Amino acid sequence: MTSPATAAPSSTGIRRVVAASLIGTTVEWYDFFLYGSAAALVFNTLFFPTADPLVGTLIAFVTYAIGFLARPLGGVVFGHFGDKLGRKKLLVLSLLLMGGATFAMGLLPTYASIGVGAPVLLTVLRLVQGFALGGEWGGAVLIVSEHGGDRHRGFWSSWPQAGAPGGNLLATGVLALLAAVQSEESFLAWGWRVPFLLSGVLVIVGLWIRISVSESPVFLAAQAKAEAEAARGIKEKAPVVQVFRTSRREVLTAIGTRFGENISYYVLTSFLLVYVTVHLGLAKSTALNAVLIGSAVHFVAIPAWGALSDRLGRRPVTLIGSVGMALWAFVFFALVDSGSATVITLAVTAGLLLHGAMYGPQAAFISEMFDTKVRYSGASMGSQLASIVAGALAPIVAVELLARYGSSVPVSVYLCAAALVTTATVLVAKETRGRDLSAGRTAGAGAKSRDAVRV
């Protein structure tokens, strides 16, 4: 008989939870990616003016990376309180912090107005963005994973993942629209501010939906158990301490699983904007439209890959993406170098399809690695530590390689190597599909549920 904690909710219930998580993550990723797109297109001129456009872009991407440095701190703080107080409260806070920082960016004076104070303020707000996003990912995927049953967890928990291309789609779409209807002068003067100010409206919508969601039943059961133990004088250590004591292997597995996925995504999207506009000298609309179309396909592909992982397992689907990306790394730039808008769009779309195979099963895969009492902390720490060594550095490393060698080949090698790191990690990882999230990791690992692992 299925326990109350793990019983699959009604389709209406899980859909409401998924919708709340998806909209919230879309808004937060919109805010985060908006900075990356602006760093590639306008921040180099408005906040970091230099004689060499590529150097200005590189400096802008350094501040872009600073947001990633704050993400592990956000993961630790939000993870601790998320494991203590619940997923829902922390998700509301992360949305408020992210939206407030992004809205404030739209009001900032530029370097021409106040000098060095402009990039300093921009950097501080970027740190707030990173801190908020560090706590968002773990909470959003966990509240879905813990509401849903074991059988379709890969599908349902992949929807918050789709918030990443959803946010990128929204951010790129708004920028592409403004670039199409405005002159270059108007866009640099004030048009770039519009997408940042729009974040305020999106946050209100996201909060309205997110507040209506109930707390995770798995967490509530674990919380009740912890309170009963506390009443008997049994005290638990802080979740972050427990993670490092009992789940170091799982944290490292999460980092390796995200490594190639993180790097490939930012090379295919953020770095592409620089490569197409600065290196190839093409119109920014060419790159923006390619990312726009690719993100639309990516948005649909992620849940499809998540659903496939419910049938084949998390590892096989992830390996399709990582091995495919290792090969596509060299094909990708060869196609982009053609200069054809159609071919560039196809190259980006195919790359994001392969990325989706790594990203779609990831929420369920990482969630299933940890016990409930440390799941928020463990999932957040593993994913956000990966963001420092992978996502934060990806555009910087790619721009530096391009500037030093004047060729895309070193960037392809870098992308291929990253994908191979994920491939090696997943090959030695344990399959987690079908795990009962209410069970302890030791008891649940390898235990066959009604949806037992079939590989």
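**Entry 1. Helix 12 against helix 13**

I began with the pair formed by helix 12 (residues 248-279) and helix 13, whose axes lie 8 Å apart at an angle of about 160°. Helices here are DSSP runs of H or I with at least four residues, strands are runs of E with at least two, and both are numbered from the N terminus. The axes are lines fitted to C-alpha atoms, for helices over the stretch in contact, and the angles run from 0 to 180 degrees between N-to-C directions. Helix 12 and helix 13 are therefore roughly antiparallel to each other. For these terms, angles under 35 degrees count as roughly parallel, over 145 as roughly antiparallel, 65 to 115 as roughly perpendicular, and the rest as oblique.

I next listed the residues that meet, contact being heavy atoms within 4.5 Å. Helix 12 contributes Y265, L268, T269, L272, L273, V276 and T277, and helix 13 contributes K284, T286, A287, L288, V291 and H298. By class, this contact of helix 12 with helix 13 holds eight nonpolar, four polar and one charged residues. Ala, Val, Leu, Ile, Met, Phe, Trp, Tyr, Cys and Pro are counted as nonpolar, Asp, Glu, Lys and Arg as charged, and the others, Gly among them, as polar.

**Entry 2. Basis of the model**

I note that this is a predicted model, in which local features need pLDDT of at least 70 and side-chain atom pairs count only at pLDDT 80 or more, while totals for chains, interfaces and linings use all residues. Residues are numbered from 1 along each chain as its sequence is written, and side-chain values use heavy atoms, with hydrogens and water left out.

**Entry 3. The whole protein**

I looked up the secondary structure and found 20 helices and zero strands. Of the 455 residues, 60% count as buried, that is, under 20% relative accessible area, with exposed set at over 50% and partly exposed in between (1.4 Å probe, protein chains only). Among contacts with a separation of 6 or more, 86% come from residues 24 or more positions apart. The protein exposes about 16500 Å², and carbon and sulfur atoms supply 70% of that area; the areas come from the Shrake-Rupley method with a 1.4 Å probe.

**Entry 4. T286 in helix 13**

I returned to helix 13, which spans residues 284-312 and includes T286. T286 is buried, because its relative accessible area is 17%. Beyond residues up to four places away in sequence, T286 touches V276, A341 and I344. I also checked G339, which is 53 residues from T286 along the chain, and the two C-alpha atoms are separated by 9.2 Å.

**Entry 5. Helix 13 against helix 14**

I then followed helix 13 to helix 14 (residues 314-336), where the axes are 7 Å apart and the angle is about 135°. That angle makes helix 13 oblique to helix 14. W305, L308, S309, D310 and L312 of helix 13 make the contact with R314, P316, V317 and I320 of helix 14. The residues of this contact divide into six nonpolar, one polar and two charged.

**Entry 6. Helix 8 against helix 9**

I examined helix 8 (residues 184-191) and helix 9, whose axes come within 7 Å and cross at roughly 40°. Helix 8 is therefore oblique to helix 9. A189, W190 and G191 of helix 8 meet R193, V194 and P195 of helix 9. I recorded four nonpolar, one polar and one charged residues in this contact.

I located S199 in helix 9 (residues 193-210). S199 counts as buried, at 0% relative accessibility. Apart from residues up to four places away in sequence, S199 touches Y30, D31, G99 and T102.

Leaving aside neighbours within four places in sequence, D31 is in contact with M98, G99, T102, Q129 and S199. D31 and G99 are 68 residues apart along the chain, with 6.9 Å between their C-alpha atoms.

L34 also lies in helix 1 (residues 11-46), and L34 is buried with a relative accessible area of 0%. Beyond four places in sequence, the contacts of L34 are W29, T102, A171, L175, P195 and F196. L175 is 141 residues from L34 along the chain, and their C-alpha atoms are separated by 8.5 Å.

Y266 and F33 are 233 residues apart in sequence and 9.7 Å apart in space, C-alpha to C-alpha.
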